[in-house]
Amino acid sequence: MTIAHNIETIRRDLPASVKLMAVTKQVSVAQMREAYAVGIRDFGESKIQEAQAKQQELADLPDICWHLIGHLQGNKVRKAVQIFEWIHSVDSLKLVQQIDRVATELATSPNICLQVKILPDPDKYGWTIPELLADLPQISDCEHLKIRGLMAIPPLGLTLAQTQQFFEQTRDLSHQIAQQPGSNLQMSELSMGMSGDYLPAISAGATIIRLGSILFGDRLKP
Ligand SMILES: *Cc1c(COP(=O)(O)O)cnc(C)c1O
C-alpha cells in the first residue's frame, strides 16, 4: 500500500476534531514528501539532529508544523525551541522552566504538552498524577509557554479495555487541571494515540494522534 493510500484510509474515519500527525523518525524525506502531497502538515520527530537535517532538505515546504515527541535533554532545549513549534514530551518542572527561560530570550512562545504517566511505567518519562498536580502552580507561572494539554503513552501489554480506561483517565486529568482554581492552563489538546491504539484514544477524546508505522511501515528496531 502506498503512503497516500494509508493516509486517505485513516483520514476517512477521523472526526474533524482530531489532527493527524505523521511520525517520521527513521522515515526518509522522500516518504515525507509523499505524505505532504496528500495534505499532511504536522510532522513529529523524536531526535533533534534528525529533525534539523530533514528541515534543511524540506526547506521548500514552508508550511510544515514540526513537533518534538521524544525526550528532551536540558542541553538541547535551545535548539529544540528554535526548530520545533510544538514540544509534546515535556516531562519535568525543571524542563518546563528551562524551556520558558529560553523562549523568553528568543522572544517566542512554543506550544507545550505535559507528558504524564497515568500508570506506573519504568520505561517512560513523565509526571505521575500527584507530581503533576503539585507542580501546576509553577508551571502556570511560565508565561512564555502555551501549555496546550497532556501527552500520554500507555504502557505495553494492556488489554483494549485497559487501554481505553488509560486514555479516559488522561482526559479526566486534563479536565481536572483546567478546572483547578486559578488555573490559567487551557488544556484544549490531548496528544494521545499511536498506530496500535489510536481508535480507543479518539473515543476518549484525543485531539492529536501521532501515527508512524501504520502510515510508513515498520521501523528498524533500535
Ligand atoms: C514512535 C512514536 C510514535 C509513533 O508510533 P507508531 O506506533 O509507529 O505509530 C508516537 N508517539 C511517540 C512519542 C513515538 O515515539
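Which residues of helix H1 (residues 3–12) are buried? Select that helix, and Ile3, Asn6, Ile7 and Ile10 are the ones to colour, where buried means under 20% relative accessible area with a 1.4 Å probe and protein chains only. They sit on the same side of H1, because they cover an arc of only 95° around the axis, the arc being that of the directions from the helix axis to the C-beta atoms. An α-helix has 3.6 residues a turn, so residues three or four places apart point the same way.

The model is predicted, with local features needing pLDDT of at least 70 and side-chain atom pairs counting only at pLDDT 80 or more, while totals for chains, interfaces and linings use all residues. Residues are numbered from 1 along each chain as its sequence is written, and side-chain values use heavy atoms, with hydrogens and water left out.

Helices (H or I, at least four residues) and strands (E, at least two) are DSSP runs, numbered from the N terminus.

Now move to the loop between strand S8 (189–191) and H8, and select Gly193. Gly193 is buried, with a relative accessible area of 2%. Leaving aside residues up to four places away in sequence, Gly193 touches Phe167, Tyr198, Ala201, Ile209, Arg210 and Leu211. Finally, select Ala204, which lies 11 residues from Gly193 in sequence and 9.9 Å from it in space, C-alpha to C-alpha.

How values were computed
Buried < 20%, exposed > 50% of the residue type's maximum accessible area, 1.4 Å probe, protein only. Contact = heavy atoms within 4.5 Å.
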